[in-house]
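Hi everyone, thanks for coming. Let's take a few minutes to look at this one together.

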Amino acid sequence: MKLSIIGTGYVGLVTGTCFAEVGHNVICVDNDAAKVKMLQAGGIPIYEPGLEELVKKHVASGRLKFTNSTAEGVQSSDVIFIAVPTPPQPDGSVDLSYIEKVARDIAAAMTSYKIVVDKSTVPVKTGEKVTETIKRYCAAKVEFDVVSNPEFLREGFAVGDLMKPDRVVIGTSSQRPVAAMREIYTPFNAPIIVTDINSAELIKHAANSFLALKISYINAIATVCEAAGANVQEVAMGIGLDERIGRRFLNAGIGFGGSCFPKDLSAFIKIAEQIGYDFKLLKEVQRINADQMERFVKKITDTLWVLKDKKIGVLGLAFKQNTDDVRSSPAIDLCQRLQKEGATLRVHDPKAMDKAKALLPNATYVDDMNAVAEGCDALVVATEWDEFKQLDLTRAKKGLTHPILFDGRNLFDPAEMEKLGWIYKSVGR
Ligand code: UGA
């Protein structure tokens with residue numbers, strides 16, 4: 001099928017590329033000329049495992065094209081996906097101005113029937129607004145349908161999540177676009193749920209806030225475990241093997257971050273408020289997440305006492321492993337708190353150092369993770385990168401003034417660390 005994607009951020013770029021991989025002809029639109037040029041040359045502006053190869057492959061195959069022109073995208077495709085940012089506003093609500101602008105641009109360019117699909121994460125009832133806007137601004141007065149098709153990919157695993165989705169949600173108020181939407185997704189072999197637009201939009205916010213709730217739940221359990229002398233990982237395993245609960249997203253740590261969970265939680269709380277429901281449960285999820293960071297910083301200050309003039313090595317800057325994304329990263333938040341207390345930092349991240357420099361200019365960036373500990377008073381693990389488990393502990397121990405490790409992601413085994421002579425503090429164990 002002929003598809004266009006407006007917006008080549010994480011969601012737009014990965015979606016367009018994976019659509020090309022299953023055989024569709026895709027044209028991706030972005031208003032950033034430099035980005036389009038880079039993509040046309042087969043380069044990518046983000047780090048996402050497996051993506052660059054696929055972009056190169058389909059730029060070469062001719063199934064993936066990039067342009068600055070929305071009109072070109074709209075006129076050369078049957079189905080147009082909107083994948084532009086929906087950033088938070090200071091009061092927690094969502095800024096829908098990019099969506100509104102794109103809806104007007106699409107409307108102005110339409111000369112025949114089109115299916116306009118919203119992929120961006122939006123508040124419930126946005127589809128209704130997009131429909132109204134397109135009707136109002138479509139000079140050619142052609143027919144169209146608006147569909148909600150939320151995205152469930154995780155950064156760092158985006159290509160895999162998109163190629164093998166758990167489910168595909170199609171929200172529409174008319175039968176007309178259903179066959180085309182099914183055709184687009186048939187190659188992905190996933191269960192397809194066809195529902196109304198409002199339910200589809202709600203599914204996205206309900207899914208993300210439930211996952212955030214799961215993390216806050218296990219973080220609260222971690223606090224109880226610490227007080228009770230229990231081990232949160234054993235508890236997570238014990239409850240997670242119950243299929244109704246599931247083991248995934250039960251990793252305790254310094255809390256969740258990123259460009260989705262914090263923003264989507266605030267938005268969902270705000271949307272609920274606007275339609276008359278005080279979502280106290282989700283407010284508590286936010287509170288526990290904020291607390292988790294406070295408690296971890298306290299663990300560090302309880303041990304090191306005064307941080308002024310202390311040098312701390314930090315492993316991890318990205319908001320989670322397998323990404324270079326530092327937006328709302330708990331690791332960056334932690335570093336800033338430590339600096340505020342007077343500590344100087346030596347930091348390392350396998351992929352996120354370049355992007356971190358803007359947020360954390362006054363730290364020493366170390367290319368080799370095994371060299372981070374040199375001359376430091378303590379080492380901190382802030383992101384759950386798998387490679388940190390391979391840290392040369394002997395060398396790190398030699399580099400530190402005292403072998404102290406604060407593990408905010410529970411990567412090491414407490415008994416093992418104690419045997420090796422470390423003062424080792426993790427979360428909920
Ligand atoms: C999240 C959802 O998982 C995706 O399904 C969704 O499509 C996406 O948001 C989105 O709305 O676009 P993402 O933000 O990429 O994906 O990251 P996650 O893998 O969900 O991790 C979020 C945060 O939770 C990270 O800071 C991670 O370290 C933390 N986390 C995750 C934990 O602290 N414990 C866990 O057990 C799992």
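I'll go through aromatic pairs, charges over rings, cysteines and cavities.

A bit of housekeeping first. This is a predicted model, so to speak of local features we need pLDDT of at least 70, side-chain atom pairs count only at pLDDT 80 or more, and totals for chains, interfaces and linings use all residues. Residues are numbered from 1 along each chain as its sequence is written, and side-chain values use heavy atoms, with hydrogens and water left out.

Let's start with the rings. Phe, Tyr and Trp rings (the six-membered one for Trp) pair if their centres lie within 6.5 Å; planes under 30 degrees apart are stacked, over 60 edge-to-face, and the rest tilted. That rule gives 8 aromatic pairs. One of them is F19 with F81, a tilted pair with 5.1 Å between centres and 50 degrees between planes. F19 belongs to helix α1 (residues 10–21) and F81 to strand β4 (residues 79–82), so this pair ties together parts 62 residues apart in sequence. Helices here are DSSP runs of H or I with at least four residues, strands are E runs of at least two, and both are numbered from the N terminus.

Buried means under 20% relative accessible area, exposed over 50%, and partly exposed in between, using a 1.4 Å probe and protein chains only. Ring pairs also join F19 and F81 with Y185 and F188 in a cluster.

Now charges over rings, where NZ of Lys or CZ of Arg must be within 6 Å of the ring centre and within 35 degrees of the ring normal. R104 has its charged end over the ring of Y137, 5.8 Å from the centre. K357 does likewise over Y365, at 5.2 Å.

What about disulfides? The search of the whole structure finds 0, taking a disulfide as two cysteine sulfur atoms within 2.5 Å. For C28, the closest cysteine sulfur is in C18, 11 Å away, which is too far for a bond. C28 is buried at 0% relative accessible area.

Last, the second largest cavity, which is lined by E226, G253, Q292, R295, F296, K299 and V427. Helix α12 (residues 280–304) gives the largest share of that lining, 4 residues. A cavity is a set of points on a 1 Å grid over the protein atoms alone where a 1.4 Å probe fits but cannot get out, and lining residues have an atom within 4 Å of a point.

Thanks, everyone!

Note on methods. 1 Å grid on protein atoms, 1.4 Å probe; cavity = no way out; pocket = protein on both sides within 12 Å on 5 of 7 lines; lining within 4 Å.
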